[in-house]
Amino acid sequence: MSKISIIIQREYLTRVKKKSFIIMTLLAPVFMAAMFIVPVWIMTRDDAEEKVIAVVEDETNMFKDVISNTKYLKFEYLEDATLDDLKTNFSDKGYYAVLYISPKVAYIPNAVQLISHKQPPLDLTIYIANALEKEIEQKKLETYDIKDLDKILKAVSTNIHVQTIKISDDGTEKETSTGLSMGIAYIGGLLIYILTFIFGAQVMRGVIEEKTSRVVEVIISSVRPFQLMMGKILGIGLVGLTQFVLWIIITAIIITSAQSLLLPDDVGQTSQAITENIMSAAPVEQIQVPVTQTQDFNEIQQVFNSLHSINWGLILGSFLFYFLGGYFLYASLFAAVGSAVDNETDTQQFMVPITIPLILGLFVAMGAFQNPESSVAFWCSFIPLTSPIVMMARLPFGVPYWELILSMTILVLTFLCTTWLAAKIYRTGILMYGKKTTYKELWKWLRYKN
Amino acid sequence: MKLLEARDIVKQFSNHLALNKVNLAVNEGSIYGLLGPNGAGKTTLIRIINQITAPDNGEIFFNNHKLKANDVFDIGYLPEERGLYRKMKVGEQAIYFAQLKGLSRSDAISRLKDWFEKFEIQAWWDKKVEELSKGMQQKVQFITTVIHEPKLLIFDEPFSGFDPINANIIKQEILKLKKKGATIIFSTHNMESVEELCTHITLINESVSLLEGPMDTIRKNYSLDEYEIGFRGDVNLLKATLTTQYKIIENEQRNGDNFVRVRILNDISTNHLLNTMLSSGNIISFREIIPSMNDIFIKVVEEASKKSKEHSFTN
């Protein structure tokens, strides 16, 4: 076995066997799954409880049976009761709330009151308001005495959904969804940012650990410093990949099993879509549209159409490429920083020039969700220090192949270059103890031969 | 036969010259002492031999060929700045180091088991390094240094951090390795710890090699021609008899006996000295005062610094 693979093996195994790795690997998907499941769960749980609402009016009986019942909402119209009576004892009579409609409702919007002991859910009030609005509008229209009003209303009722279609240069049309693209861009860019940071910092900590425990000189009497550095970077990179893949798998498992436990059957279909979407790292917002049940089946169909329009192979392949490229680039810089200091508290002065482009990349990526063709986003997707994050954010909106290839080439060339430079700093730095390193010192190390 | 040869090694750091044309010739099967004060350049020279850094000038020959990358498998190095991964288990870690030195995993395990048995430390195998005491860690470190049975073993300050008992165990193991054919280089500023072991030495001071050769020859060259004689009798009488050709350096009384340190000034045999003394009392002991490496070291360094001062005056 070659030395570098022995080093990779150690770096990988010691980290993967750590309790903190196992806990992180298991807990993160639980949180991620909770983010998807809890809203759905809350929604279904609230609906499951049947609510009976008493409806009272003063004098007129204008709104009798205007508000129709739903599966979980029953409206009982009480003709004889007065509000004052009911206010005191409605819960004893088994009512969840009292809806009071004043006769002035046609002119004063505040003339409707819902009285309950608990804060009523938002969709209940919206439901009531919609029903009443519709009725009042209808009544108002009727006062104009228009012939065949019903027919006219039916005829003018329209429902608009803007369908976005992209035409590529060769003329093929694709149905797209801006929301979906934004979601993918957001997740892709953010994940690269987070993973690069977490695992780059792990490389740095590993180098510092070897230096402070003085184990480094023992090792480099057996292997080249470059092998040790690359072994560490590759080993930790593999840890990152492992964790990422496990996260996706575990999240999918949790959601699939939670779905069968929590959701009633009629929601099953949409939740099926949720899991499928998560498996393919699709956005959250997009999925919640069909969950509200009242939506058209067409819209679910549309999401699926857009899902198919995304070039998943390209997105996932590029994600992998940019994750590895960005990670290698930053990890080698982190390794150089780690070698130059004696302990973690001394790293700050060298960390600034590394973290600023990373954070900048994230900001530009945030802008790119809104406008993927802006010139800042365009240029930052070529500058190698920001390109992994920014290009991932642009990619779902469609990027010409030449741009992608150019950006990737620049990234590869740069990380070869930084790795070479970092190795020069590294092999001098790891043997320097007790001296506070300055930038001037680093420059000197770069120029040492061998 | 020479196992290791360094020729005219020069190493320049940004603000000082670490090694200035240093030569080294280590015979196969010898124990070689690389002596010198802190900062003399010993560690730099050793790092060059271990190919951790490269010299600016000069060449290293190992086993009759120019030093090449694969030679690290034939060298075992215990650096002065040494340590182990604190969070890693002892056995796992020892296997890792052995693998880096070219052993297969199964080979490494079987050899390590032998060593752990020898040191009676099998119980440590699954312990984390941070649970061991400093001395225990040093033992593990020693094993990882010699596990691949290299031709050349280099120990930088080997006995620092060991208590006397463990230092002795390690010393015995090193001698056993030498018997098996290993060549050993000790690098230290603490001459006493190695002087009884070394057969050859090189003395480095301020990046220059000052003194080089077999221990016996060096000792002889720096012999003071001084002897300590213990006797029962009158000191003043003795002083009267030892006149022109001898010089009494000092005398002291221990348990009623007199001990006199005498230097022979001319080329006179020790028997003559004894003959002269026979009349002045009852001789109970006689021994040559052998200069310690420490004494020689201090003397050589002082001479060198005097010379360099004169040199700078004449310039």
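A residue is called buried here if 20 or more other C-beta atoms lie within 10 Å of its own, exposed if 12 or fewer, and partly exposed in between, with C-beta atoms placed from the backbone. The model is predicted, and local features need pLDDT of at least 70, side-chain atom pairs count only at pLDDT 80 or more, while totals for chains, interfaces and linings use all residues. Residues are numbered from 1 along each chain as its sequence is written, and chains are lettered from A and ligands numbered from 1 in the order in which they are written.

Helices (H or I, at least four residues) and strands (E, at least two) are DSSP runs, numbered from the N terminus. By that account chain B has 9 helices and 14 strands, and its C-alpha atoms fill a box of roughly 75 × 55 × 35 Å along the principal axes. Of the 315 residues in chain B, 35% are buried.

Strand E8(B), residues 183–188, is largely enclosed by the rest of the structure, because 6 of its 6 residues are buried. Thr183(B), Ile185(B) and Ser187(B) point to one side of E8(B), and Ile184(B), Phe186(B) and Thr188(B) point the other way. Two strands count as paired if DSSP finds at least two bridges between them, and the pairings of E8(B) are listed below.

| Strand paired with E8(B) | Sense | Bridges | Residue and its partner in E8(B) |
|---|---|---|---|
| E3(B), residues 31–35 | parallel | 5 | Leu35(B) and Thr188(B) |

From E7(B) the chain crosses through helix H5(B), residues 164–179, to E8(B) in a right-handed β-α-β crossover, meaning that, with the strands pointing away from the viewer, the path from the first strand over the helix to the second runs clockwise.

In chain B, the axes of H2(B), residues 90–100, and H4(B), residues 134–146, come within 9 Å and cross at roughly 30°, the axes being lines fitted to C-alpha atoms over the stretch in contact, with angles from 0 to 180 degrees between N-to-C directions. H2(B) and H4(B) are therefore roughly parallel, a term for angles under 35 degrees. Their contact, which requires C-beta atoms within 7 Å, involves Val90(B), Ala94(B), Phe97(B) and Ala98(B) of H2(B) and Val140(B), Ile143(B) and Thr144(B) of H4(B).

In chain A, the axes of H16(A), residues 401–429, and H17(A), residues 439–447, come within 8 Å and cross at roughly 105°. H16(A) is therefore roughly perpendicular to H17(A), the term for 65 to 115 degrees. Residues of H16(A), including Leu421(A) and Ile425(A), meet Leu442(A), Trp445(A) and Leu446(A) in H17(A).

Note on methods. Angles under 35 degrees count as roughly parallel, over 145 as roughly antiparallel, 65 to 115 as roughly perpendicular and the rest as oblique. Two residues are in contact if their C-beta atoms, placed from the backbone, lie within 7 Å.
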